[in-house]
Amino acid sequence: MIPNLNKKILNNRQRTFLFLLIAIVFLLSIVFIGNVLDKDNIATNLQDRNSSPDFKHLFGTDWLGRDMFARTIMGLSLSIKVGIIGAAGSTLIALSLGLAAATMGEIADRVVTWLIDLFLSVPHLVTLILIAFTLGGGFNGVVIGIALTHWPSLARIIRAEVMQIRSAEFVQISRMMGKSKVWIAFQHILPHILPQILVGFMLLFPHAILHEAAVTFLGLGLSPHEPAIGIILSESMKYLSSGMWWLAFFPGLCLLIIVRIFDMIGEKLRIIFDPNRAHD
């Protein structure tokens, strides 16, 4: 009975790691293909304009004859890059503020808590639009806006974890031995919260990608010359009434799939790092 149970547990963990490997390879493949695709694949070709999906053009073509499959792959690649940079910046801010709140005294804790409550009181998208508009939009504006708006929830989690760890016996012993706060933070606290940081980083991806697409859809994000998913969806709205459903359907579906994959990666990592759910 016990050997069968251990075998089942091992298989569950193997399936989790296999899914993570396949998902990461798939996402990296999209980024790679999007970067190596020739710009000629999305060049104007009026002879093939408004073509419905077929074997030549899997996602059809738009009103200028541009291949929608190539535009969608390049748009997804751009969205993933925006999500990586934006989520990384937001995670770094959350880590810095979370550590500061839990290790630098009561005043720092009050300031960080006030900042977290302030940013959580305003919807992410509204703050992101304001920041992107102030910075003039574009790639840099969207990335900076995402980094500055998506950190509060993760910072609150990190702060709570650090509060719990700093009261542990091994941390108290290091403090009595004269170790500095910086040494304790990097040697004791940071290694214990790395799983939460990694999971939080992955779970920020879906929000970053969706918000980037939303801001770009509203015309305040990436440049109209970029093959971004938000731009593709925004342009397609003008032609849906004429029956060109594929202009919005395939890009929107691919965006949802990518977002769901990132969300599932975060959930799988959470299960792996959680000892109580490691064998679910």
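What follows is a chat about the predicted model shown above.

Trainee: What should I know about the model before we start?
Mentor: The model is predicted, so local features need pLDDT of at least 70 and side-chain atom pairs count only at pLDDT 80 or more, while totals for chains, interfaces and linings use all residues. Residues are numbered from 1 along each chain as its sequence is written, and side-chain values use heavy atoms, with hydrogens and water left out.

Trainee: How many helices and strands are there?
Mentor: The protein has 10 helices and 0 strands. Helices (H or I, at least four residues) and strands (E, at least two) are DSSP runs, numbered from the N terminus.

Trainee: And what share of the residues is buried?
Mentor: Of the 280 residues in the protein, 45% are buried. Buried means under 20% relative accessible area, exposed means over 50%, and partly exposed is in between (1.4 Å probe, protein chains only).

Trainee: Which residues have the most contacts inside the largest nonpolar core?
Mentor: They are Ile158, Ile193, Ile258, Phe262 and Ile265, in a core of 56 residues. A nonpolar core is a set of buried Ala, Val, Leu, Ile, Met, Phe, Trp, Tyr and Cys residues joined through side-chain atoms within 4.5 Å. Among the helices that each supply at least two residues of this core are H1 (2-36), H2 (68-103), H8 (181-217) and H10 (246-273).

Trainee: New topic. Where is His57, and is it buried or exposed?
Mentor: His57 lies in the loop between H1 and H2. His57 is buried, because its relative accessible area is 10%.

Trainee: Which side chain does the His57 side chain make a polar contact with?
Mentor: The side chain of Asp67, at 2.7 Å. A polar contact is a pair of N or O atoms within 3.5 Å; within protein, one must be able to donate a hydrogen and the other to accept it, and residues adjacent in sequence count only if both atoms are side-chain atoms. Beyond neighbours within four places in sequence, His57 is in contact with Asp48, Ser52 and Asp67.

Trainee: What about Leu18?
Mentor: Leu18 is in helix H1. Leu18 counts as partly exposed because its relative accessibility is 48%.

Definitions and conventions
Contact means heavy atoms within 4.5 Å.
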